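Let's take a walk through the side-chain contacts in this one. Have the sequence and the 3D view handy as you read.

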Amino acid sequence: QVQLVESGGGLVQAGGSLRLSCAASGSIVSINLMAWYRQAPGKQRELVAVITSGGSTSYADSVKGRFTISRDNAKNTVYLQMNMNTLKPEDTAVYYCNALTILPTRNYWGQGTQVTVSS
């Protein structure tokens, strides 16, 4: 079992910045990759960014160049940095942390953290 706890969401003006954190606990050695997803009102949940156990990253086109995913293995924490001057009202959503484990293969989700970007 893996437990994920997100933090760092909030209300920010367009052009501001935020850093989301996702602390993992439990069977963390089985985690193969971690990701951030988001879900805006009335829309499907979408993938935002992924980071593998080896540190490789990939991003949705909508956030590429604006958001940065990183991990601190010593703290078992993954971050999503929403860079200054790049946040837009359309980034408003609940952001969820996700972990994919191997042996067995399972998906774990955090409870979500609300990000609201005002214009």
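## The disulfide

C22 and C97 are joined by a disulfide, with the two sulfurs 2.0 Å apart. Keep in mind that this is a predicted model. The count comes to one disulfide. What is its handedness? The torsion about the S-S bond of C22 and C97 is about -80°, so the disulfide is left-handed.

Now for where the two ends sit.

## The aromatic pairs

On to the rings. The count here is two aromatic pairs. Take Y37 and W109 to begin with: their ring centres are 4.9 Å apart and the planes meet at 65°, and since an angle over 60 degrees counts as edge-to-face, that's what this pair is. Y37 belongs to strand 4 (residues 31–39) and W109 to strand 10 (residues 106–109), so the contact ties together parts that are 72 residues apart in sequence. As for accessibility, Y37 comes out as partly exposed at 22%, and W109 also counts as partly exposed, at 37%.

The other pair is Y96 with W109, again edge-to-face, with 6.5 Å from centre to centre and 85° between the planes. Y96 lies in strand 9 (residues 93–101) and W109 in strand 10, so this pair ties together parts that are 13 residues apart in sequence. Y96 is buried, with a relative accessibility of 14%, because the cut-off for buried is under 20%.

How do the rings group? Y37, Y96 and W109 form one aromatic cluster. W109 has a part in both of the pairs described above, with Y37 and with Y96.

Then there's R45. What does its charged end sit over? One of the rings is that of Y96, with the charged end 3.7 Å from the ring centre. The charged end of R45 also sits over the ring of W109, at 4.6 Å from its centre.

## Back to strand 9

Definitions and conventions:
Residues are numbered from 1 along each chain as its sequence is written. This is a predicted model: local features need pLDDT of at least 70, side-chain atom pairs count only at pLDDT 80 or more; totals for chains, interfaces and linings use all residues. Side-chain values use heavy atoms; hydrogens and water are left out. Rings of Phe, Tyr and Trp (its six-membered ring) pair if their centres lie within 6.5 Å; planes under 30 degrees apart count as stacked, over 60 as edge-to-face and the rest as tilted. Helices (H or I, at least four residues) and strands (E, at least two) are DSSP runs, numbered from the N terminus. Buried means under 20% relative accessible area, exposed over 50%, partly exposed in between (1.4 Å probe, protein chains only). A charge sits over a ring if NZ of Lys or CZ of Arg is within 6 Å of the ring centre and within 35 degrees of the ring normal. A disulfide is a pair of cysteine sulfur atoms within 2.5 Å.
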